[in-house]
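Subject: Structure handover

Hello,

Here is the structure I promised to pass on. Please open it next to this message as you read.

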Amino acid sequence: MPQVALVAPQLAAFAEVARQGHVTGAAEALGMPQSSVTRRVQALEDGLGRQLLARVGRGVELTSSGRALSDRLQGPLRALEEALAAVAQEADPEAGTVRFGFPLTMGPVTVPRLLAGFREEAPRVRLVLRQAHASELLDGLDRGELDLAVVIPPSPAVAHAVLGVQEIIAMLPESHRLAGQASIPLEELRSEQFIANPTSYHLRQLTEEWCEEAGFVPAIALEITEFSTVHAFVSQGQGVALMPPSESPVPGIRQIPLEGASRHRVIGLVETPAGLTRPAARLRDHLLARFSEA
């Protein structure tokens with residue numbers, strides 16, 4: 001026990017660096033200076049006699065010893081967090097922390113509006129938010145780093161509640177020949193250059209699938225991970241894109257519905273396999289009741 005008590009702060013710092021992939025993000029998440037995080041990890045390495053992290057560019061990478069320790073830490077750290085949360089809830093059942101993840105396409109308006117309503121109902125619940133792609137959010141749930149996450153689309157293999165659907169539309173430069181249309185058939189874009197996500201992204205797979213159903217293979221001119229950057233290239237006339245509607249107007253872009261078959265993705269709410277704390281269950285119920293209003 002004395003050895004565990006000694007290294008507990010070091011383990012917490014190491015686990016956060018391993019999760020973030022760099023010291024800066026870990027320091028922000030832990031609310032301490034980068035130098036303190038670095039010292040704790042170095043002290044842990046000195047105590048174990050093993051190098052746990054290797055610098056790669058501006059970030060860090062786990063060594064084989066670091067990966068083994070990180071994998072073994074997930075369960076015990078999650079159990080410790082649950083024990084502390086249980087004690088805190090007994091002292092104040094209206095308080096606690098909820099770690100909530102949501103997609104990059106829902107950040108500007110929908111999620112802030114939903115969470116503002118929740119915070120009015122539960123002002124003593126602290127929210128820790130993570131915005132990421134679906135695969136990262138599902139990994140976070142599996143590792144016990146998140147309590148709840150909105151995922152688009154949810155995997156059929158994962159238990160989830162359906163919140164709604166996300167329409168997919170065509171985004172065209174304002175100068176495009178079809179920019180004045182109220183709606184367009186997808187086959188009208190067969191001669192266009194497309195801006196899309198990498199092939200591992202669900203939206204890219206849908207783009208290729210739907211275009212093939214319309215009788216053509218889309219010409220992918222640019223591959224970009226971030227949706228805001230896709231917007232920027234479309235607005236500059238570098239191509240067209242199939243994307244969810246932006247929650248706020250994007251200068252230089254016309255957002256036009258697609259004709260014919262419905263083009264949409266399911267929006268799902270997924271819970272951690274470890275079970276929900278009372279504050280997390282309260283947020284879940286709020287999202288299920290209010291999502292359609294957002």
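First, the ground rules. This is a predicted model, in which local features need pLDDT of at least 70 and side-chain atom pairs count only at pLDDT 80 or more, while totals for chains, interfaces and linings use all residues. Residues are numbered from 1 along each chain as its sequence is written, and side-chain values use heavy atoms, with hydrogens and water left out.

The sheet

Start with the open sheet of three strands, in the order S10-S7-S11. Its pairing is antiparallel. Strands here are DSSP runs of E with at least two residues, and helices are runs of H or I with at least four, both numbered from the N terminus. Two strands pair if DSSP finds at least two bridges between them. S10 (241-243) and S11 (253-256) are the edge strands, each pairing on one side only. On average, neighbouring strands are turned by 35° against each other, direction ignored. Angles run from 0 to 180 degrees between N-to-C directions, and axes are lines fitted to C-alpha atoms, for helices over the stretch in contact.

S7 covers residues 169-173 and is joined to S11 by four bridges. Within that pairing, Pro-173 faces Ile-253, and Leu-172 has Arg-254 as its bridge partner. Three bridges link S7 with S10. There, Ala-170 stands opposite Leu-242.

How enclosed is S7? Five of its five residues are buried, so the strand is largely enclosed by the rest of the structure. Buried means under 20% relative accessible area, exposed means over 50%, and partly exposed lies in between (1.4 Å probe, protein chains only). Ile-169, Met-171 and Pro-173 lie on one side of S7, with Ala-170 and Leu-172 on the other. Both faces are covered.

Contact means heavy atoms within 4.5 Å. Look at His-231, which sits in H8. His-231 counts as buried because its relative accessibility is 14%. Not counting residues up to four places away in sequence, His-231 touches Met-171, Met-243, Ser-246, Val-250 and Ile-253.

H3 (residues 34-48) has 15 residues. From first C-alpha to last it reaches 21 Å, close to the 21 Å expected at 1.5 Å a residue. That expected span is 1.5 Å times one less than the number of residues. Ser-36, Val-37, Val-41, Leu-44 and Glu-45 of H3 are buried. Gly-49 follows H3, with a positive phi near 70°.

H2 (residues 23-30) packs against H3 at about 105°, with the axes 8 Å apart. That makes H2 roughly perpendicular to H3 (65 to 115 degrees; under 35 is roughly parallel, over 145 roughly antiparallel, the rest oblique). Val-23, Thr-24, Ala-26, Ala-27 and Leu-30 of H2 meet Gln-34, Val-37 and Thr-38 of H3.

Arg-130

Is Arg-130 buried or exposed? Arg-130 counts as buried, at 16% relative accessibility. This residue lies in strand S4 (residues 125-131). Its side chain makes a polar contact with that of Glu-145, at 3.1 Å. A polar contact is a pair of N or O atoms within 3.5 Å; within protein, one must be able to donate a hydrogen and the other to accept it, and residues adjacent in sequence count only if both atoms are side-chain atoms.

Best wishes
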